[in-house]
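Here are my notes on this model, written with the geometry in mind. Have the coordinates open while you read.

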Amino acid sequence: GLALLLFFGMRYALAPLDAMTSLARSITHGNRGQRLAPDRRDTELGRTAAAFDEMLDSLEGAEARERHAQQSVRRFVADAAHELRTPITGVQAIAETLMQTTARLSTEDRERLLVTLVGETHRAGRLVDDMVDMARIDAGLSVDPAPVDLADAAREQAERVSVLHPLLELSVHGTAPAALADPGRVRQILANLLDNACHATPDNGWVRVDVTSTPGWVHLTVADSGSGVPDADRDRIFERMVRLDDARARDSGGSGLGLAIARGLARSHGGELTLLPGEAPGATFRLSLPMAPHS
């Protein structure tokens, strides 16, 4: 009788271990999502079962993130190939036309084709450069931070953009202590933000840059008088290869990577790039970077 009592007692005591073993075997055969969910966590076996569940949560979470990353890479490669096809096809068509009909083309037509050819090659080159930058960001971009005056950098970029968009009113306001950032990468972030704002703003509109600071941080906002960003697109505006139909068309030459690169570069510095809510009439993006020490 005592032996039988001991047998059933041991079976009862070791039941959680049997459940753990069965669950592990079930997971090995591809069954996901099951947990031990112990009723009591104040015993050794209960704590072990809870730790086992936490381990499964962590492993399945990592597996899901890896699966999502792989899907993102595949989608990015497919989108990039689609984007490259257009300028490459254009280059091929123009080159064939020039080779086959040069003798019959007027000087004006020939120059027009050559200008278009150069434009298509530049477009493909910009896309490749953006893809390389995105790959470097994904791999963990190394930056060389130094004190940077964001107001000066913004004025420099505004002068460049004003030449390309003479019908827009561009202005830079405010001052702040120096930010701690890679000067070349900061210029790239600002160029992407201003180019994005100008493409989103119709002629005779305005783009305004403001530089401010809070303890430990330097902020730069880029606001425009364009049509803004619909609520449905606020979360996806920073995704790769995303263009809003009315403001960021392919014929503007953009790759759809500008904002994704700008945010990736900001985060590489320990900063952030966000789209501020409720700003009218257009969109307002805010770049936040760490303040340089002793500035």
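This is a predicted model: local features need pLDDT of at least 70, side-chain atom pairs count only at pLDDT 80 or more; totals for chains, interfaces and linings use all residues.

1. Residues are numbered from 1 along each chain as its sequence is written, and side-chain values use heavy atoms, with hydrogens and water left out.

2. The sheet is open and has 5 strands in the order S2-S4-S5-S7-S6, with mixed pairing. Strands here are DSSP runs of E with at least two residues, and helices are runs of H or I with at least four, numbered from the N terminus; two strands pair if DSSP finds at least two bridges between them. Strand S2 (169-173) and strand S6 (272-275) are at the edges with a single partner strand each, so one side of each has no neighbour in the sheet. On average, neighbouring strands are turned by 15° against each other, direction ignored.

3. Valine 172 is opposite valine 209 in S4.

4. Helix H5 (residues 150-164) lies across S2, S4, strand S5 (217-224) and strand S7 (284-290), at about 170° to S2. Helix H7 (residues 258-268) also packs on the sheet, where H7 touches S6 and S7 and makes about 140° with the direction of S6. Contact means heavy atoms within 4.5 Å; axes are lines fitted to C-alpha atoms, for helices over the stretch in contact, with angles from 0 to 180 degrees between N-to-C directions.

5. The covered face of S6 holds Leu273 and Leu275, the uncovered one Glu272 and Thr274. In a regular strand, side chains alternate between the two faces of the sheet.

6. How many aromatic pairs does the count give? It comes to 1, with ring centres of Phe, Tyr or Trp (its six-membered ring) required to lie within 6.5 Å, and planes under 30 degrees apart called stacked, over 60 edge-to-face and the rest tilted. Phenylalanine 238 and phenylalanine 285 form this edge-to-face pair, at 5.9 Å centre to centre and 90° between the planes. The two are 47 residues apart, phenylalanine 238 being in the loop between S5 and H7 and phenylalanine 285 in S7.

7. Phenylalanine 238 is buried at 10% relative accessibility, and phenylalanine 285 is buried at 2% (buried is under 20% relative accessible area, exposed over 50%, partly exposed in between, with a 1.4 Å probe and protein chains only).
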